[in-house]
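Open the model in your viewer and keep the sequence panel beside it. This tour tells you what to select at each stop and what is there.

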Amino acid sequence: MTRSLALKLTLAFIVVGFVGVALVAIFVGQRTQREFDQFVLNRYQLDLVDELTAYYQQNGSWDGINAILVRNDSRHLGRRELYPAPVTLTDAAKVVVYGGLRYQRGEQLTQQVSDQGVPIDVDGETVGWLLFDSFGDSVPSVPESPESDFLERVNQAILWSAVGATVIALLLGALLARTISRPVRELTTATQVIAQGELGHQVPVRSKDELGQLAASFNQMSADLAQSTALRRQMTADIAHELRTPLSVIMGYTEALSERKLEGTPETFDILHEETRHLSRLVEDLRTLSLVDAGELPLTRRTVAPQALLERAASAYAVQAQRQEVSLQVGADQGLPEIEVDPDRMAQVLGNLVSNALHYTPAGGEILLSAGCCHERSGSHPDRLCLSIRDTGAGIAPEDLPHIFDRFYRGGESRHKEQGESGLGLAIAKSLVEAHGGTISAESALGEGTTFTISLPALRNGL
């Protein structure tokens, strides 16, 4: 039979609480009994020594001592009951005059045994020795005595305390079990809901403890899963859209050519060639992203100087910049450490960023490629190096800036698709930089320009 977590936890709390209360009750009861017995014995000893001293002073001997040492302690069911005192009394010569339960009258005790007793002194002379038996073992229980009544009340108090503690443990156990099992049940139901396809399902976060953190982590996972699925679906739709445009152009021209509705002119073939190149670039971009996502993108790392990377990117676009009347400059701080990267992949990243800058920088504008230390540590080389591409172009709207590295994302009118763009350039740049252990970020203001910053690990001491 399957038992719920709440029932198991409740039973566990009850068992632990009951065992704990039982152990405490037993230990407290025994300790109370022992301490109380010792207390009564101490008082009894003091009183008995005083009585025996007074008796000897009055009678001058131990004759008739049984009248004191054997006494009536209570009445039980209407009859008198006599109880022998748990003591042994000797005279000055250590001869037993009252043996109690251990010795016989007239028995001679040794010096070693008598030394364990209490001397009874009268007028500075020792007239006898009093030895006490084990109080708890020798004295029978005296019903209806003040001592027994006290112990009975203490035992009742311990019993009722144990019962109360057990009830409280039951209530707290049930409450705590419900508090623990409820979030677990909710998480179980939520996982079943997600398994049925309802992605993004959330569970209430009821606390800030480990269960609350688990619920918050589950909600984050569920939201990320829903977002990832939505992005995948959107990316599939975007890929279909991107592929349909050049394919439609190619299909239209080829059908017209095959039906001889269109003559095969150089201009027609140039259009077909350009659309084929666009299609090829899109397929290659998608292949690059898939390799990066799978962690299988090959990187041929080499040690290079940051300025060399920037100059390579600038030289590749120098003619285009000159044609657009845009100033393309390169600058780097002195004494920068080298970086270990794949030069071709980083050239792809920098080329994409420079190409974007040229797209949105008007004639007379400026594009500056620079390298410098991200931050420094005293007495050592900086551990990261920053490459920056700053332009004086149109800038990016604040609402678009957080999404510019998303795949197929296009912002406002100034960033609509132009001929030959796939919408994957910045997404690829981000993936390639992260594959090198770096980060990429952007800062921009409308009408003032945009700055892309790439942070990469720097080599120390040339290693």
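**The whole chain**

Begin with everything selected, and keep in mind that this is a predicted model. The chain has 463 residues, and 36% of them count as buried. Colour by secondary structure to find 11 helices and 13 strands. Now show the surface: its accessible area is about 27200 Å², and carbon and sulfur atoms hold 55% of that. Among contacts with a separation of 6 or more, 64% are between residues 24 or more positions apart.

**Helix 10 and helix 11**

Select residues 343-360, which form helix 10, together with residues 425-435, which form helix 11. At what angle do helix 10 and helix 11 pack? The angle is about 145°, and the axes are 9 Å apart. The crossing of helix 10 with helix 11 is left-handed.

Next, show the side chains where the two helices meet. From helix 10, pick Arg345, Gln348, Val349, Asn352, Leu353 and Asn356. Their partners in helix 11 are Gly425, Leu426, Ile428, Ala429, Leu432 and Val433. Sorted by class, this contact between helix 10 and helix 11 has seven nonpolar, four polar and one charged residues.

**Helix 7 and helix 11**

On the helix 7 side of the contact, select Asp285, Thr288, Leu289 and Val292. On the helix 11 side, select Ala427, Ile428, Ser431 and Leu432. The classes in the contact of helix 7 with helix 11 are five nonpolar, two polar and one charged. Ile428 and Leu432 of helix 11 take part here and also in the contact with helix 10.

**Threonine 90**

Go to strand 3, residues 87-91, and select threonine 90. Is threonine 90 buried or exposed? Threonine 90 has a relative accessible area of 0%, so it is buried. Apart from neighbours within four places in sequence, threonine 90 is in contact with Trp62, Val95, Val96, Val97, Leu109, Val127, Gly128 and Trp129.

Most residues other than glycine have a negative phi.

Select lysine 94 in the loop between strand 3 and strand 4 (96-98). Lysine 94 is not a glycine, yet its phi is positive, about 65°. Its relative accessibility is 13%, so lysine 94 counts as buried.

Then select aspartate 123, in the loop between strand 5 (118-122) and strand 6 (125-132). Aspartate 123 also has a positive phi without being a glycine, at about 55°. With 76% relative accessibility, aspartate 123 counts as exposed.

**Alanine 226**

For the last stop, select helix 6, residues 210-258, and find alanine 226 in it. Its relative accessible area is 24%, so alanine 226 is partly exposed. Which residues beyond four places in sequence is alanine 226 in contact with? They are Leu199 and Gly200. Finally, draw a distance from the C-alpha atom of alanine 226 to that of glycine 197: the separation is 9.8 Å, with the two residues 29 apart along the chain.

Note on methods
Residues are numbered from 1 along each chain as its sequence is written. This is a predicted model: local features need pLDDT of at least 70, side-chain atom pairs count only at pLDDT 80 or more; totals for chains, interfaces and linings use all residues. Side-chain values use heavy atoms; hydrogens and water are left out. Axes are lines fitted to C-alpha atoms, for helices over the stretch in contact, and angles run from 0 to 180 degrees between N-to-C directions. Helices (H or I, at least four residues) and strands (E, at least two) are DSSP runs, numbered from the N terminus. A crossing is left-handed if the near helix is turned anticlockwise from the far one by less than a right angle, and right-handed if clockwise. Contact means heavy atoms within 4.5 Å. Ala, Val, Leu, Ile, Met, Phe, Trp, Tyr, Cys and Pro count as nonpolar, Asp, Glu, Lys and Arg as charged, and the others, Gly among them, as polar. Buried means under 20% relative accessible area, exposed over 50%, partly exposed in between (1.4 Å probe, protein chains only). Accessible areas come from the Shrake-Rupley method with a 1.4 Å probe; for residues, only the protein chains shown count as cover.
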